[in-house]
Amino acid sequence: MAGEPQADCLFCKIVAGEVPATVVRETETTLAFRDINPQAPTHVLVIPKAHYADAAALAAGAPQLAADMLREAGEVAADDKTAESGYRIVLNTGSGAGQTVFHAHAHVLGGRGLEWPPG
């Protein structure tokens, strides 16, 4: 059920402390940790602590929590000193878009040039 931890979800396990992660920020509602396969000098995942399958489900079911996640993404960029030079927030929704963990999350990428379209 949306909002409740899922036993087979990697990110729910990270929230519960069952799987280690390099946490960089934590609030009452969100957790931010370094990606294990970084694509830029700053590559941090920001997740809601509550389980929602993807960004669309999160926005529909808990819009304030979606706002919390985006606010924290900006804080991560500021903490990593990428806010001034620019950063990207990526929300992959669905396997066709590259989502591999079906728990809503935002990738915060920065610290290098981020051309468009991505290459």
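Arg71 counts as partly exposed because its relative accessibility is 46%; on this scale buried means under 20% relative accessible area, exposed over 50%, and partly exposed in between, with a 1.4 Å probe and protein chains only. The structure is a predicted model, in which local features need pLDDT of at least 70 and side-chain atom pairs count only at pLDDT 80 or more, while totals for chains, interfaces and linings use all residues. Residues are numbered from 1 along each chain as its sequence is written, and side-chain values use heavy atoms, with hydrogens and water left out.

Arg71 forms a salt bridge with Asp68, and the closest N and O atoms are 2.4 Å apart. A salt bridge here is a side-chain nitrogen of Lys or Arg within 4 Å of a carboxyl oxygen of Asp or Glu. Both residues lie in helix 3, 3 residues apart, which is about one turn of the helix. Asp68 is buried, with a relative accessible area of 12%. Ala67 is also placed in helix 3, which covers residues 63–79. Ala67 counts as partly exposed at 31% relative accessibility. Its C-alpha atom is separated by 22 Å from that of Thr100, 33 residues apart along the chain.

The fold around this helix can be set out next. The protein chain has 3 helices and 5 strands, and from the N terminus on the order is α-β-β-β-α-α-β-β. The radius of gyration of the protein chain is 14 Å, close to the 14 Å that the globule rule gives for 119 residues, so the chain is as compact as a globular protein of that length. That radius is taken over C-alpha atoms, and the rule is 2.2 Å times the number of residues to the power 0.38. The elements themselves are DSSP runs numbered from the N terminus: helices are H or I of at least four residues, and strands are E of at least two.

Along its principal axes the C-alpha trace spans about 40 × 30 × 25 Å. Buried residues make up 38% of the 119 residues. Of the contacts with a separation of 6 or more, 52% are accounted for by residues 24 or more positions apart; contact means heavy atoms within 4.5 Å. The chain exposes about 6600 Å², and carbon and sulfur atoms supply 54% of it. Accessible areas come from the Shrake-Rupley method with a 1.4 Å probe, and for residues only the protein chains shown count as cover.

Leu45 is placed in strand 3, residues 42–48, and counts as buried because its relative accessibility is 5%. Which residues is Leu45 in contact with, leaving aside its neighbours within four places in sequence? They are Phe11, Leu31, Ala32, Phe33, Asp35, His105, Ala106 and His107. For Ala32, 13 residues apart from Leu45 along the chain, the separation of the two C-alpha atoms is 5.5 Å.

The charged side chains come next. Side chains of opposite charge can pair when their charged atoms come close. A search of the whole structure finds 5 salt bridges. In one of them, the side chains of Arg25 and Glu72 meet at 2.5 Å, N to O. This pair links distant parts of the chain, with Arg25 in strand 1 (residues 23–26) and Glu72 in helix 3, 47 residues apart. Arg25 counts as partly exposed at 23% relative accessibility, whereas Glu72 counts as buried at 8%.

Another salt bridge joins the side chains of Asp80 and Arg34 at 2.9 Å, N to O. Asp80 lies in the loop between helix 3 and strand 4 (87–90) and Arg34 in strand 2 (residues 30–34), so the pair ties together parts that are 46 residues apart in sequence. Asp80 is partly exposed, with a relative accessible area of 24%, and Arg34 is partly exposed at 31%.

Two backbone details remain. Most residues other than glycine have a negative phi, and most peptide bonds are trans. Lys81 has a positive phi of about 65° although it is not a glycine. Lys81 is placed in the loop between helix 3 and strand 4 and is exposed, with a relative accessible area of 70%. A cis peptide bond joins Trp116 and Pro117, with omega about 0°. Pro117 is placed in the segment after strand 5 (106–110).
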